[in-house]
Protein chains: 2
Amino acid sequence: METREVEYAIIGVGTAGLGAFSRIRKQTDSLLLIQHGPYGTTCARVGCMPSKMLIAASDLAHAIEGGSFFGIDGNYQVNGKRLFERIQKDRAEKFVGGVLRYVDTIDNKFKVEGQARFLDSHTLDVDGRLRVKAEKIILACGSSPYVAPVFEPLLQDLDTSDTIFELDDLPRSMAVVGLGVIALEIGQAFHRLGVQTTLYGHTGRIGAFTHPDMQKDVMQTMQQELDIIPRGEFTRAVKVKDGFELTYLTTDGKEIIRSYERVLIASGRRSNLRTMDLEKSGLILDDRGLPQYDPLTMQCGNSHVFISGDATEDLPLWHEAYIEGRIAADSAVAFPAHKEGKRTPGIGIYFTDPQMACVGSVYSALDPEQIVMGQARMDSGPRHKIYNDLKGMMQVYVDKNSGILLGAEVFGRGAEHMAHTLVLAIEHGLTVGEILQMPVYHPTLEEVMKGALTMALFRLRKS
Amino acid sequence: METREVEYAIIGVGTAGLGAFSRIRKQTDSLLLIQHGPYGTTCARVGCMPSKMLIAASDLAHAIEGGSFFGIDGNYQVNGKRLFERIQKDRAEKFVGGVLRYVDTIDNKFKVEGQARFLDSHTLDVDGRLRVKAEKIILACGSSPYVAPVFEPLLQDLDTSDTIFELDDLPRSMAVVGLGVIALEIGQAFHRLGVQTTLYGHTGRIGAFTHPDMQKDVMQTMQQELDIIPRGEFTRAVKVKDGFELTYLTTDGKEIIRSYERVLIASGRRSNLRTMDLEKSGLILDDRGLPQYDPLTMQCGNSHVFISGDATEDLPLWHEAYIEGRIAADSAVAFPAHKEGKRTPGIGIYFTDPQMACVGSVYSALDPEQIVMGQARMDSGPRHKIYNDLKGMMQVYVDKNSGILLGAEVFGRGAEHMAHTLVLAIEHGLTVGEILQMPVYHPTLEEVMKGALTMALFRLRKS
């Protein structure tokens, strides 16, 4: 069997792995990229990009439905074939294409394809045909959809985000398993495009927010539009003519048996590290069976192994993968010296309607005794009134002593934009008073943000 | 004739005047509001709010036109009657209504209606039936559309922003006189709603931007959609059957004679101070015949007179009027002591498509030798590609020595939102390097802003 000895092995050629590669390549020729499965980032292939193209279509369909309020009496037909053609074409040309072209520019001597598995702390087996001995290892092998045991026998026939964008037309009906970001984005989009859709939760939690009032508002708002069954579990899934028959037992004991043409499994993602025989790596593993690591260095324990991107199972976001790949690379290059990278405040966005955005510290990460909260409903916003889009609310969390903005949960039209203004403020440690010195134009969606911040300032002064 | 002696006279009960009133009322009972014309702010009556409701409708019509790209084959009918009903109803109930209810809460002893004119520096005549002697005067009487002499004889029949939202249906055709914010917003909206529309410029300038490349990009982009004649002047305007016949002489000598059902005059606004016999006020007047004033105190010269809002003819924006009304009030209360208020960096937004936003210092206000410029085109943005909305570009201007962001001109989808993030950065004197420490989510419109800032940072490092 061939053995290659390199200074650096990078497992995974996605956003994190390519980021790490670009940094390390400047230092040395002695490195190897090991890729399992299709090239192209999760984001471009099956994540952010195709889902946002789907949502651009469903948003338009939804807007036409609401048009008569504005004096625009419209109607439409969804051309599912053209919709998926556009998604697949633009994905290939504009998004994945760029990644593949970059991968092509990398000399073949730096690339090998296959499933890597640990043999010992420095040695990797690749598909039983290559052995790689590496001084330092960067784990950037991404994640895959989690499929519960009840669905495993049908895995070849069910959909995940890996397959749903490969359709050539919309189905008549679809069950969505999950109430997280992928479930809500795709489930709502399919519903708006005329697919009879049911979303099935598990614990009753929905979406991203951690404050109970935000959770409640999201559930109520989404249930007004969508068929959502929040609590329970699937007990049976079988193939039937034209689709699948699912049996779901609600927490209060009701059995629901329904058939759907398609079933989308969107109940979270699991790190691909789980297929790498980590137990042979010598790394200290956490409860999930994943390596413990320091988010400022991405180093696993004190070892020569570094982790980044979705493989951590912590922050499955493109911009975090991008940052982490670079931090991991810089730490690996500095190793055994200790080099910390710079992390940014969190920002997470669900492109549902209303949108959901979490910025900085979410409510559950804060001590309620140490903060004051400002809150505003979107229906207080002049621009929201203009759009007749009154759904949602937002909260900002402020340190009681310093007045510094710590975080926000935003549910409503414009959440993605307010999130960016708020994250700049958090990054620079601004107080609510300082933030409120900025002018807010009238009429803009941002006036609701001003309202929430003003309430926080008022409460700060009273406290 | 009745004479009233008060400590404060406030001329105008709009955004600025009401702001001033609310501050001064806390200090004294001795004040009088003098209102000429309809109550309700310019913003709510004839400005921001009705125009944005119109644009919400025209944006939807335009989106439907572009739907087949996404697989949404739509069509629509514009119901002009319902469109204007909605504008007039929501304006009354949601926007003007709030202002009027607030005005109603003000005791009648503080209000008088009529046209105020200076008799001397402390004395005002109101409609020849009341004389007001005031220790301090706050001028907050707003502005009105400017009408060129050629149109004056037809004034009763032509439209301005004061009358255009009173229509009960869309006209077949409309000439728009002007290429500024009102002309572009309303002209583009009417065009998109099926009105045969021509926009006539004067000097060739269009929109808000001051950098020549931005001017050029706006003109090219808007001309691709709209019938725009940029340079020349009207020489004749007469009533004909079913409308008006206009004669326009282009700068290169071509005479254009066309008829339109309606004509919208949108060639700027003039301060209502011009009707107040300012020459008797003893104030020092500038070239325009308006009082010189200090923007940090809103004081006119060293006098007991303060100015605010659109009456200055400088910044006809709701949020500036709001701030200025308060600054003027605080200065007046402090007078004769000198009290400066806090001004914010500029932010101006045109709700055209693509949107236009100017933030902080515009290009023309800066010394080209002292700045580096970062630039990005919207078609570089992943989210812009998703929306198939590739028009526009943006520039950021950065101090060459300090790296501090000074201003930006933004033309494209999402300009209004990027403007808020940028203005927060400018307000707090952040450098481009500091701004770029913020995370930018993927895929968002804000990635183009990151691109422009990154180019500026790169150029800074090279310079």
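Let's start with Gly178(A): apart from residues within four places in sequence, Gly178(A) is in contact (heavy atoms within 4.5 Å) with Ala183(A), Leu199(A), Tyr200(A) and Ala266(A). This is a predicted model, where local features need pLDDT of at least 70, side-chain atom pairs count only at pLDDT 80 or more, and totals for chains, interfaces and linings use all residues. Residues are numbered from 1 along each chain as its sequence is written, chains are lettered from A and ligands numbered from 1 in the order in which they are written, and side-chain values use heavy atoms, with hydrogens and water left out.

Gly178(A) sits in the loop between β9 (173-177) and α5 (181-192) of chain A; helices (H or I, at least four residues) and strands (E, at least two) are DSSP runs, numbered from the N terminus. UniProt, in an unreviewed entry, lists Gly178(A) under "binding site", along with residues including Leu179(A), Leu184(A) and Gly268(A). The listed residues span 91 residues in sequence, yet no two of their C-alpha atoms are more than 13.3 Å apart, so they gather at one spot. Such annotations may be inferred rather than shown by experiment; their positions follow the numbering used here, and feature names are shortened.

Leu184(A) belongs to helix α5 of chain A. Not counting residues up to four places away in sequence, Leu184(A) touches, among others, Leu179(A), Leu199(A) and Met222(A).

Now for the rings. Those of Phe, Tyr and Trp (its six-membered ring) pair if their centres lie within 6.5 Å; planes under 30 degrees apart count as stacked, over 60 as edge-to-face and the rest as tilted. By this rule there are 26 aromatic pairs over all chains. Tyr200(A) and Phe234(A) have ring centres 4.8 Å apart and planes at 65°, so this pair is edge-to-face. The two residues come from distant parts of the chain, with Tyr200(A) in strand β10 and Phe234(A) in strand β12, 34 residues apart. Ring pairs also tie them into a cluster with Phe151(A), Tyr248(A) and Tyr260(A).

How covered are some of these residues? Buried means under 20% relative accessible area, exposed over 50%, partly exposed in between (1.4 Å probe, protein chains only).

| Residue | Relative accessible area | Class |
|---|---|---|
| Gly178(A) | 9% | buried |
| Leu184(A) | 0% | buried |
| Tyr200(A) | 2% | buried |
| Phe234(A) | 11% | buried |
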